[in-house]
Amino acid sequence: MWVMNKSREKAGLDAAQVGLLSYSSGVFDALFCINCTVCRVYRLFKTQAATMSRKVVRSSKFRHVFGQGLKADQCYDDIRISQMTWDSNFCTVNPKFVAMIVDASGGGSFIVLPLSKTGRIDMSYPTVCGHTGPVLDIEFCPHNDNIIASGSEDCSVMIWEIPEGGLTSPLSEPVVKLEGHSKRVGILSWHPTAHNVLMTAGCDNVLILWNVARGQEMVRMDTVHTDLIYSACWNRDGSQILTACKDKTLRVLDPRKGTVITEKEKPHEGSRPVRALFVSDNKILSTGFSRMSERQVALWDPNRFGEPLTLQELDTSSGVLLPFFDPDTGIVFLCGKGDTSIRYFEITDEAPFVHYLSMYSGKESQKGMGYMPKRGLEVNKCEIARFYKLHDRKCEPVVMTVPRKSDLFQEDLYPNTIGPEPSVEADDWFDGKDGQPIMISLKDGIAAPTKSSEFKLNKTLLKSTTVCVGDQGNRGGVRKTVAHYSTIPKQQ
């Protein structure tokens, strides 16, 4: 305004004439282009406006990230994806395999395919089919690409070892069977840094931590949640657990003590399912619904849980938003069940903290979504994320790319990322030792786990006959058979 006043004085214009400067540029040009002094004022005005508009646009190297579905010959066709209405991802993927829950008669099964086996999948292709009820959730072990866990309506959790090159015959015998839930098991999550530690949550409102190599239930949280658990996840080093519950409460838990560190009631006012996960600096991102059933995304600081750092309304669709976070880029991807699109946002330290970037839109709605670990991406193509989108009878890879002209390794896009090596063993972690993620560089391409992270059962626990460990006065007795473990809550 000061600049305009000074310019008005120099040009000898009164207030009415200067008021015309705010009129449209086309009208202004038609009226005053013959007056050189006024033209100078006009150019100055336009320069100031252009400078201000440039400041409004936030600078980010991810502003132009775009998504692209791969061609038909690079998809996985003719797969009967499960028709269950459970709100899990239904898909898990790593640099070797992609696994999808499929329809099955007389039990539950899922299919595991090598990434290279694209095209039409024969109906006779072997599946993993050991559950007696529908499979609800599956997840590959982050420390061994051949190990996958599955949870089912039959109340059990099974650990499977997929042979190199994929299945050649149906797999019905798990390596380990874990039984501790009294109702169906719908949530699985491997510990990010501790070897062979698995978290499971069931419809019995119970959350259990297992030492998978021993087949033992180590921590049981059966009084924390008063209703159905919607989601459960670890923080970056696995020292905390975040859960979202049907009682409209977010809880941050100490996993070994089984106690609540902090909690937030009614993060979203609506009654539909809430999802939550840890993002940068141990902040929490949640997705849910407003009282008017509008989908929302919110960012929280657990140290000040009173009010959200930001809360944004997205649309009025009814599908649950599945969040996926990339800690290396600070980008969170929101995939709505039943949607045709994937939205992505960048999380920063500047208000409004969650910045909308763009949206990928496909032609068909998604029934589930798999998310490739960073170490499985093609870095020479500037690929920062890859999703495996499930249709009714198809799995379509969707690639997120940053447009760059150079084919060289882009160090600013690929900082050191979490590798496949565990930093602590299960026994040590349950004894109180924490481990930070072991980072790797992606400059040399895909990183595979070494033999040190191979899955090994404790051979002393494998007996040909069922035995009971522990005396009669100890409720921690553990029944064990060959690759089959049925646990009882341990005495505290």
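View 1. In strand S18, Ala244 is the bridge partner of Ser231. Strands here are DSSP runs of E with at least two residues, numbered from the N terminus. The model is predicted, so local features require pLDDT of at least 70 and side-chain atom pairs count only at pLDDT 80 or more, while totals for chains, interfaces and linings use all residues. Residues are numbered from 1 along each chain as its sequence is written, and side-chain values use heavy atoms, with hydrogens and water left out. S17 and S18 (residues 241-245) run antiparallel and are joined by five bridges; two strands pair if DSSP finds at least two bridges between them. The open sheet has four strands in the order S17-S18-S19-S20, with antiparallel pairing. Strands S17 (229-234) and S20 (259-265) stand at the edges with a single partner strand each, so one side of each has no neighbour in the sheet. On average, neighbouring strands of this sheet are turned by 20° against each other, direction ignored; the axes are lines fitted to C-alpha atoms.

**View 2. Asp227 in the loop between S16 and S17.** Asp227 is placed in the loop that lies between strand S16 (216-221) and S17. With a relative accessible area of 30%, Asp227 is partly exposed; buried means under 20%, exposed over 50% and partly exposed in between, for a 1.4 Å probe and protein chains only. Neighbours within four places in sequence aside, Asp227 is in contact with Asn205, Cys245, Lys246 and Asp247, where contact means heavy atoms within 4.5 Å. The C-alpha atoms of Asp227 and Asp204 are 8.2 Å apart, and the two residues are 23 residues apart in sequence.

View 3. Ser286 lies in S22 (residues 284-289) and is buried, with a relative accessible area of 0%. The side chains of Ser286 and Trp300 are joined by a polar contact of 2.9 Å. Such a contact is a pair of N or O atoms within 3.5 Å; within protein, one must be able to donate a hydrogen and the other to accept it, and residues adjacent in sequence count only if both atoms are side-chain atoms. Residues up to four places away in sequence not counted, Ser286 touches several residues, including Leu250, His268, Arg275 and Gln296.

**View 4. The largest nonpolar core.** This core has 37 residues, and those with the most contacts inside it are Ile79, Val98, Met100, Phe110, Leu113 and Tyr388. A nonpolar core is a set of buried Ala, Val, Leu, Ile, Met, Phe, Trp, Tyr and Cys residues joined through side-chain atoms within 4.5 Å. Elements giving two or more residues to this core include strands S4 (97-102), S5 (108-114) and S30 (383-390). S4 supplies the largest share, six residues.

View 5. Phe324 and Tyr371 form a tilted pair, 5.5 Å centre to centre with 40° between the planes. Rings of Phe, Tyr and Trp (its six-membered ring) pair if their centres lie within 6.5 Å; planes under 30 degrees apart count as stacked, over 60 as edge-to-face and the rest as tilted. Phe324 is in strand S25 (residues 321-326) and Tyr371 in strand S29 (residues 368-371), 47 residues apart. An edge-to-face pair joins Phe345 and Tyr356, at 5.5 Å centre to centre and 70° between the planes. Phe345 is buried, with a relative accessible area of 2%, whereas Tyr356 is partly exposed at 46%.

Notes: Axes fitted to C-alpha atoms, helices over the stretch in contact; angles between N-to-C directions.
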